[in-house]
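Q: I'm new to this structure and would like a close look at a single part. Could you walk me through the helix and what lies around it?

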Amino acid sequence: MRDGLILGARARVDAVVAEDMVATLGGRAVHPVLATARMIEWMEWAGRRLILPYLEPGEDAVGYAIEVVHLRPTRVGEKFWAIAEWEGRDQDRLYARVTAYNVRHRIGEGRFTQVLVPTDRLERAFRVPVSQAGDTPES
């Protein structure tokens with residue numbers, strides 16, 4: 001990863017809550033507000049945008065961990081945004097504080113960890129047939 005990403009650097013992504021972003025379980029809408037999973041998706045996107053300019057050729061990053069609390073609802077049609085703020089790096093681990101807002105409130109906050117991975121390793125992993133992917137789920 002290239003040098004230059006300074007402590008406190010930020011990336012932001014903006015959106016408007018659409019019908020397909022509401023809270024669903026088992027394919028059924030349960031609340032007419034922004035789903036926690038969709039909020040987290042946008043937080044991850046902000047985190048990725050933060051690091052993209054600093055990735056070296058042959059290098060990528062994957063999501064590793066996210067710890068988030070969803071504080072307030074955001075209705076369909078409302079604008080919201082997510083911000084990732086660079087906290088630092090520890091070897092191959094990349095850390096960002098993530099926060100989401102709507103026009104009235106802070107709606108979520110947490111921490112997102114990504115891991116640097118060589119692109120050739122990712123490409124090999126993506127080619128492995130599912131039946132040979134390794135561990136089987138517990139029954």
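A: Here is a tour that starts with the helix and moves on to some residues elsewhere in the chain.

First, some ground rules: this is a predicted model, where local features need pLDDT of at least 70 and side-chain atom pairs count only at pLDDT 80 or more, while totals for chains, interfaces and linings use all residues. Residues are numbered from 1 along each chain as its sequence is written, and side-chain values use heavy atoms, with hydrogens and water left out.

Helices (H or I, at least four residues) and strands (E, at least two) are DSSP runs, numbered from the N terminus. Helix 1 covers residues 36-51, and its 16 residues should span 22 Å at 1.5 Å a residue; the end C-alpha atoms are 23 Å apart, which agrees. That expected span is 1.5 Å times one less than the number of residues.

Which residues of helix 1 are buried? They are Met39, Ile40, Trp42, Met43, Ala46, Gly47, Leu50 and Ile51. Buried means under 20% relative accessible area, exposed over 50%, and partly exposed in between (1.4 Å probe, protein chains only). As for the spacing, an α-helix has 3.6 residues a turn, so residues three or four places apart point the same way.

The buried residues of helix 1 pack against several strands, among them strand 1 (10-16), strand 5 (79-90) and strand 7 (106-118). Contact here means heavy atoms within 4.5 Å.

Leu52 counts as partly exposed, at 41% relative accessibility. Its C-alpha atom is 15 Å from that of Ile83, 31 residues apart along the chain.

Now for the rings. Rings of Phe, Tyr and Trp (its six-membered ring) pair if their centres lie within 6.5 Å; planes under 30 degrees apart count as stacked, over 60 as edge-to-face and the rest as tilted. There are three aromatic pairs in the structure. Trp81 and Tyr101 have ring centres 6.0 Å apart and planes at 25°, so they are stacked. That pair links distant parts of the chain, with Trp81 in strand 5 and Tyr101 in strand 6, 20 residues apart. Trp81 is buried at 15% relative accessibility, whereas Tyr101 is partly exposed at 27%.

Finally, look at strand 7, where you'll find Thr113. Thr113 is buried, at 7% relative accessibility. Leaving aside residues up to four places away in sequence, Thr113 touches residues including Val62, Tyr64 and Arg93.
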